[in-house]
Amino acid sequence: MPNPYDELLSGDSSQQPEKIQKPEERLAHIPDPFNDPRFNNDGPDDLDAILEKVAAFSEQAEGFSRLLSKMRVVDHKVRGKVTKLFIVSKDPHERGSMAGEKQYHALQAEKFMAIIVPMRKLATLYLDIVKRFNADIDEHYFSPDKTEAQVESEKTLVMDAINLQRSILSDASEDLKILADGLVDTERRLKGYVNAGGKNNISSSELGLLVQKREAMTSGRDHQFDYGVFDVNLLDKTAISLGIFMKETSTQYLDKLGKAFKL
């Protein structure tokens, strides 16, 4: 009968006891908390990152503001219905022919498109700036590389920039509303040419498709962008909440901004 202890005493290398590590070898496998890459922050300071985005907005806004000046949208503003009732005068926007009205309609639509596309890009950047500032910068914000005075100065710079950005977007929103109203008013005049006969004739189906296309554009559906969120009245009501970091009110404002891109 084999001795049950022979296998243990045979010196089989496969059954050798596990090598005991020296203390320094065990320590070598323990991560150094001061050099743990998970806790290293090589990116820009939170406030510096926001200032970079502010600079990017300003760069894009320069060309956009010149575009708003060039469009001269105020020239297309429709006179109110009450004014029309009491003042007998020729409509300054009336073109006198079906072809002229269609051309004027196309011009307003072209201006609308020229504004809403870059405005949406600026609004996206503005939303990111406001979200970051609201989430990362408050009265407890601290930077080891900046003095307290420098931090306060840069915070004020960002808040002033946010107010200016908001003003730019509200100006653009107002221009888009003027153009939307102008397009509707032009369609009203075009109705007078439906089945009029001759060279001024337009079919009801052509006008219907023209209206349908305009509604998709001016409602913001075509660009998934509700530009009306930047109406000056809404912005005025929320200005103070951004300035004094009222988190609940600021969150409500951010929710409204976010809905601008959820059509």
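User: Which helix has the lowest confidence in the protein, and which the highest?

Analyst: This is a predicted model, in which local features need pLDDT of at least 70 and side-chain atom pairs count only at pLDDT 80 or more, while totals for chains, interfaces and linings use all residues. Residues are numbered from 1 along each chain as its sequence is written, and side-chain values use heavy atoms, with hydrogens and water left out. The predictor's confidence in each residue is pLDDT, from 0 to 100. In the protein it is lowest in helix H1 (residues 6-9), with a mean of 48, and highest in H7, at 97. Over residues 36-40 the pLDDT is below 50, and beyond near neighbours in sequence this stretch has one contact in the model. Residues 243-248 also have pLDDT below 50, and there the model has nine contacts beyond near neighbours in sequence. A contact means heavy atoms within 4.5 Å.

User: How should low values be read?

Analyst: Where pLDDT is low, the predicted coordinates should not be read in detail. For the protein, the mean pLDDT is 82, and 73% of residues reach 70 or more.

User: How many helices and strands are there?

Analyst: Helices (H or I, at least four residues) and strands (E, at least two) are DSSP runs, numbered from the N terminus. The protein has nine helices and zero strands.

User: How does the length of helix H7 compare with what its residues should span?

Analyst: The expected span is 1.5 Å times one less than the number of residues. For the 15 residues of H7 (residues 204-218) that should be 21 Å, and the end C-alpha atoms are 21 Å apart, which agrees.

User: Which residues of H7 are buried, and what covers them?

Analyst: Buried means under 20% relative accessible area, exposed over 50%, and partly exposed in between (1.4 Å probe, protein chains only). In H7 the buried residues are Leu207, Arg214, Ala216, Met217 and Thr218. Their cover includes helix H5 (98-136) and helix H6 (148-191). Across the protein, buried residues make up 35% of the 263 residues.

User: At what angle do H6 and H7 pack?

Analyst: Axes are lines fitted to C-alpha atoms, for helices over the stretch in contact, and angles run from 0 to 180 degrees between N-to-C directions. Angles under 35 degrees count as roughly parallel, over 145 as roughly antiparallel, 65 to 115 as roughly perpendicular and the rest as oblique. H6 and H7 pack at about 170°, with axes 11 Å apart. That makes H6 roughly antiparallel to H7.

User: Which residues of H6 and H7 meet?

Analyst: An α-helix has 3.6 residues a turn, so residues three or four places apart point the same way. From H6, Ala180, Leu183, Val184, Glu187, Leu190 and Lys191 meet Leu207, Leu210, Val211, Arg214, Met217 and Thr218 of H7.

User: Where does a residue other than glycine have a positive phi?

Analyst: Most residues other than glycine have a negative phi. Asparagine 195 has phi near 55°; this asparagine 195 lies in the loop between H6 and H7 and is exposed, with a relative accessible area of 61%. Glutamine 224 has phi near 50°; this glutamine 224 lies in the loop between H7 and helix H8 (232-243) and is partly exposed, at 35%. Just after H7, glycine 220 takes a positive phi of about 95°.
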